[in-house]
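Hello,

Here is the structure I promised to pass on to you. Have a look at it first, and then read my notes below.

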Amino acid sequence: MASKTVNLQLACLSAISGVIDKALDLEQSLQDILRILAEKLSMKRATITLVDRSTGKLVISVSQGLSAEEKSRGVYGLDEGVTGLIFQTAQPYVVPDIRKEPLFLDKTQSRKIERDRISFVGVPILLHGQAIGVLNVDRLFGDEVDYEEDVAFLTVVATLIAQFMSLNQKFEAKVENLRRENVSLKYKLSQETQGLYIVGKSLAMAEVQRQIEKVAPTRATVLLLGESGTGKTLIGRIIHDLSERKDFPFIKVNCASIPENLLESELFGYEKGAFTGADQTKPGRFEEANKGTLFLDEIGELPLGLQAKLLRVLQDKEFERLGSNKTRQADVRIIAATNKDLATLAEEGAFRPDLYYRLNVFPLNAPPLRERKEDIPSLIIHFLNKVSKEYARKLTFSTEALAVLKEYDWPGNVREMENLVERLVILAENERIDADLIRPYLTIPSREDALSGEGGEGEGAPSLKSLEKSVIMDALRRSGGIQHRAAKELGITPRQMGYRVKKFNLESLVAVQRVKNR
C-alpha cells in the first residue's frame, strides 16, 4: 500500500515538474498543479491563497473544484481562521474533522453537501523563509491514514510552487525592464532622426520625456496639462505609439468643438431611429478605438451629463449606444488633455470630482515655450525643414533672426511657431530669412530700440548682438563644442559658425565643452 502511494506521489511530482518546465502563464500553471493533485491523489477543493497587495488580505488566487462564487468568498485576514494561522506561523496545520474545529471557517461554503468526514490539510508556501501564501486541500480520510505523509508531500509541492512563482516574478521583471528600455531606445532614435518625437532637449522636456517613458508601456489613464499650443496632442500620440496599443487606432475627439447634443452620439454611437436623422446605426468613438487609445482634448469642456457616462466607461469599461439597451464593452486607454485647472473646477462644482480623480491617475505637464527657450532654435529649424520641403524651397534663418525668435515669448507656443514659420517660408524672397522679415509678426523691440535700450522692454533690453551670441553659445553647449554639429542645428555653414565663434570670443567655451564630453 505504501509503495503504491509513493508511486502515485512520484507520478504527481513528475507531472507538476512538466507544468513548471513549460509554462509562462502563472495562473494557468498553478491551476494545472491543483488539477494534477485532484486527479492523481484525490485531493479535493485544493486552493492556493496569496496576499492581495491592494487590500493586504489573503484571497484565493487559484482553486480546483470551487465555483467562481465560492472562490470569491475565500477572503481572510492575515490572522483569521486556519488559513491565517498557517500563514502567520509558517507551519503546516491539519484538521482531522472540519466539523469539530472552531478555527475552520468554511468561508467558501463549498462543503455543505458532503456527508463523509472531511479532513483539511494546509501548508505554507515559503520563499526565502517567509510565507507568501498557503496551499490547502480537502481529504476524505479513514482513521488508519497518517496525516504526516500528506503534509510532507504537500510541503514539497508548496516548495515547487514557491520556486515557480519566484522565477515567474523575475521573468516578468525582466520583460518589464526590456519593455521600458525598448520605449527609451525608440524615443531616443526618433529624436536623432528628427522624426515625430522631436520635442526639445531642455531640462523641462527631459522631464516630460522621462515621464512619457514611464507611463507609455502601462495601461494608466494620462491627463495632459498645459497651455494651448504646447503640443499635448503630439505627446498623446507619442504615448500611444510607444505603447503596446500602437498597432490599434489612435482616435482624437475635441470635446469643445462638438455641440453638446451631438457629443454623446459621437462618443458612444447610436442605433437607427434613435433620433431624427438617425437613418442608420453608427458606432461611436469608443468602439472605433477598441484596443487602442482615445484622446479626449479639451476635457474641461465636457458637459456634466456626459461626465457621468465617461466615468462609467473608465470604471466598468461599459456603455450603451443611444437608442439601445444593449451594454457594450470597449478596451480603450484614455488620454485626456486640458488647458484648464480641473482641480479648481471640481471644487467649484463645474467638473465632477470623481471623474477628475479617475482621469488624474498620471498627470503630465507640457511646459510652455517661454519656460524652455533653449529648445526654440532646434524647434524653429525643425519646422523650417518640414515646411520648406512641403513648399519645395531651401531656406535658412540668419543667426540674428534666430536670436530674435528665441527672445520672443511665444504666447501661442508651438502651434504659433509652426504657423509663423510657414508664413515666413511663403513670404521669403531670398534663401535666407532675416530678422527684418520676422519683426512685424512679433511684439518685440525693433533693432534701433534694442540697440539704444528703448522700446517695449525698457532700458535693460538686450541688444541683437547679445541675443545672437546667446543662440550660438546654447548651440555649442548642446553639441558638446563640436562646431559643425552646432552649425547644422542652426542651419548655417561650419565656416559661418567658425566666424561667429571668433567674433564672440567663444574659443574657450568650445574647449571646455569638448573636455566635458570626452
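Helix H13 passes helix H14 in a right-handed crossing (right-handed means that the near helix is turned clockwise from the far one by less than a right angle, left-handed anticlockwise). Before going on, please note that this is a predicted model, in which local features need pLDDT of at least 70, side-chain atom pairs count only at pLDDT 80 or more, and totals for chains, interfaces and linings use all residues. Residues are numbered from 1 along each chain as its sequence is written, and side-chain values use heavy atoms, leaving out hydrogens and water.

H13 covers residues 376–390 and H14 residues 399–407; they pack at about 115 degrees, with axes 9 Å apart. Helices (H or I, at least four residues) and strands (E, at least two) are DSSP runs numbered from the N terminus. Axes are lines fitted to C-alpha atoms, for helices over the stretch in contact, and angles run from 0 to 180 degrees between N-to-C directions.

Which residues of H13 meet H14? They are Ile-376, Ile-380 and Ile-381, which meet Leu-402, Leu-405 and Lys-406 in H14, where contact means heavy atoms within 4.5 Å.

Now to the sheet. Its 5 strands form an open sheet in the order E8-E11-E14-E7-E15, with parallel pairing (two strands pair if DSSP finds at least two bridges between them). At the edges are E8 (250–254) and E15 (362–365), each pairing on one side only. Strand E7 (residues 222–225) runs parallel to E15 and is joined to it by 4 bridges; Leu-225 has Asn-365 in E15 as its bridge partner.

Best wishes
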